[in-house]
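I am opening this notebook to keep a record of what I look up in the structure, entry by entry.

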Amino acid sequence: MPVTADQIIDALRPVEDPELRRSIVDLDMVRDVEVRGDGTVGVRVALTVAGCPLRNEIQRRVNDALQPLDGVAGVALDFTVMTDDEREALRRRLHGDPSSTAGANTAHGHAEGRAIPFAQPGNRTRPLLIASGKGGVGKSSVATNLAVALAQRGSSVGVLDADVYGFSIPRMLGTDRDPVVIDQMLVPPEQWGVRCISMGYFVPDGQAVIWRGPMLHKALEQFLTDVFWDDPEFLLIDMPPGTGDIALSLSQYLPRGEVYVVTTPQPAAQKVARLAAAMADKVHLPVKGIIENMSWFTGDDGKRYELFGSGGGRELADELDVPLLAQLPLVPALREGGDDGRPITAVQPESEAAACFRAMAEQVAVELAPRKVFSPNLRIN
Ligand SMILES: Nc1ncnc2c1ncn2[C@@H]1O[C@H](COP(=O)(O)OP(=O)(O)OP(=O)(O)O)[C@@H](O)[C@H]1O
Ligand SMILES: [Mg+2]
């Protein structure tokens, strides 16, 4: 029995576009299905953009879906590219119409005032702000590895690199592709199950970002509104060091944000970390936990050396009355993994550090999940 075009479409329905994570049939990417006399199936797939980086992956998926079908002797796949109108229709379908929400938000600087999905009532995303009072304590490493650990638990996860001057998440995650732009909607690249947007994708290599406040504000707002985050369960925000302007903007954009403070164990660092907590307090975001990093180094002799002192994380946690979520060891593999885009949690899952990040993810996802509000007045008799 020759296969029918309807059977081909049905077989292609479960095939997802690797970036948009939607059925290529539902996305109207499948065109011109034709069953030829010799059993070859001709399929034309319309890519969202020319030079789509995942074209080969789509080809593989389509082949894998069609080859096993009875009556299919071969697959002849060719590609076309969506027209501007088709792209616009696709963007509207996936991401809504920005002009319909324009003005819903107060405009800042150059912003047009689009609504931020994460600020809307009923939005399910938990924004996790990874902060500290000073630089170099491991915020980006924590954001990267916690994101990977949350994804490993089966959650949908995005990371917004809010360190607009010192962006480092693309390198740490190893996302080598730029975001794809579909009619002004940015589709973030994904690696280790984590989607990521960073200023790093928009500045040429080696060039510094020299923007002033309002432009940064606008860039962050765009990262929240124009990116197809696709309603993730967690959006981790890698905060820049310090307590400045960006923190303030973000707290306005993410009124349900949860702050996690990273500190090193020595008392001096802890004093600075306290500044991050004070910042959180000022902008009315709760600090949900403390993460102590570089707590010790385990030598070849198996002994733990507390190179940066001890007790800072515990003390800060007690002072703020929040849990100390982890004490992360100092391990060269963590730094190396950060330098070449192979997060330790992804590539050395059996390591002590990876176990720490998994435990942290568990606490964040389960114990620190926002509780449903219980009102005694709403008792059902
Ligand atoms: N536990 C650790 N063990 C080994 N190296 C680490 C550890 N944590 C962080 N590092 C390394 O220390 C350096 C600083 O870490 P990271 O970039 O994550 O800090 P940060 O707080 O984001 O810094 P910045 O303030 O500059 O954004 C990086 O090279 C990172 O790989
Ligand atoms: Mg950083």
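I began with Arg-274, which counts as partly exposed at 28% relative accessibility; by the rule I use, buried means under 20% relative accessible area, exposed over 50%, and partly exposed in between, with a 1.4 Å probe and protein chains only. I then looked up its partner and found that Glu-319 forms a salt bridge with Arg-274, the closest N and O atoms being 2.6 Å apart, where a salt bridge is a side-chain nitrogen of Lys or Arg within 4 Å of a carboxyl oxygen of Asp or Glu. Glu-319 lies in helix α10 (residues 312–320) and Arg-274 in helix α9 (residues 267–282), so the pair ties together parts that are 45 residues apart in sequence. Glu-319 is partly exposed as well, with a relative accessible area of 42%.

I note here that this is a predicted model, in which local features need pLDDT of at least 70 and side-chain atom pairs count only at pLDDT 80 or more, while totals for chains, interfaces and linings use all residues. Residues are numbered from 1 along each chain as its sequence is written, chains are lettered from A and ligands numbered from 1 in the order in which they are written, and side-chain values use heavy atoms, with hydrogens and water left out.

Next I looked up the overall make-up of the chain, whose secondary structure comes to 13 helices and 15 strands; helices (H or I, at least four residues) and strands (E, at least two) are DSSP runs, numbered from the N terminus. The C-alpha trace spans about 75 × 65 × 55 Å along its principal axes, and 50% of the 381 residues count as buried. Taking contact to mean heavy atoms within 4.5 Å, I found that among contacts between residues at least 6 apart in sequence, 74% join residues at least 24 apart.

I went back to salt bridges and asked how many the count comes to by this rule. The count comes to 26. One of them joins Arg-44 and Asp-32, with the closest N and O atoms 3.6 Å apart. Arg-44 lies in strand β2 (residues 40–47) and Asp-32 in strand β1 (residues 30–35), so this pair ties together parts that are 12 residues apart in sequence. Arg-44 is partly exposed at a relative accessible area of 31%, whereas Asp-32 counts as exposed at 53%.

In helix α2 (residues 55–66) I found Arg-61 and Glu-57, 4 residues apart, about one turn of the helix, and their side chains meet in a salt bridge of 2.7 Å, N to O. Arg-61 is partly exposed, with a relative accessible area of 26%, and Glu-57 counts as partly exposed at 23%. I also noted that Glu-57, Arg-60, Arg-61 and Asp-64 are linked in a network of salt bridges.

My last entry concerns Val-259, which is found in strand β11 (residues 258–263). Is Val-259 buried or exposed? At 1% relative accessibility, Val-259 counts as buried. Leaving aside neighbours within four places in sequence, Val-259 is in contact with residues including Leu-129, Ala-131, Ala-280 and Leu-285.
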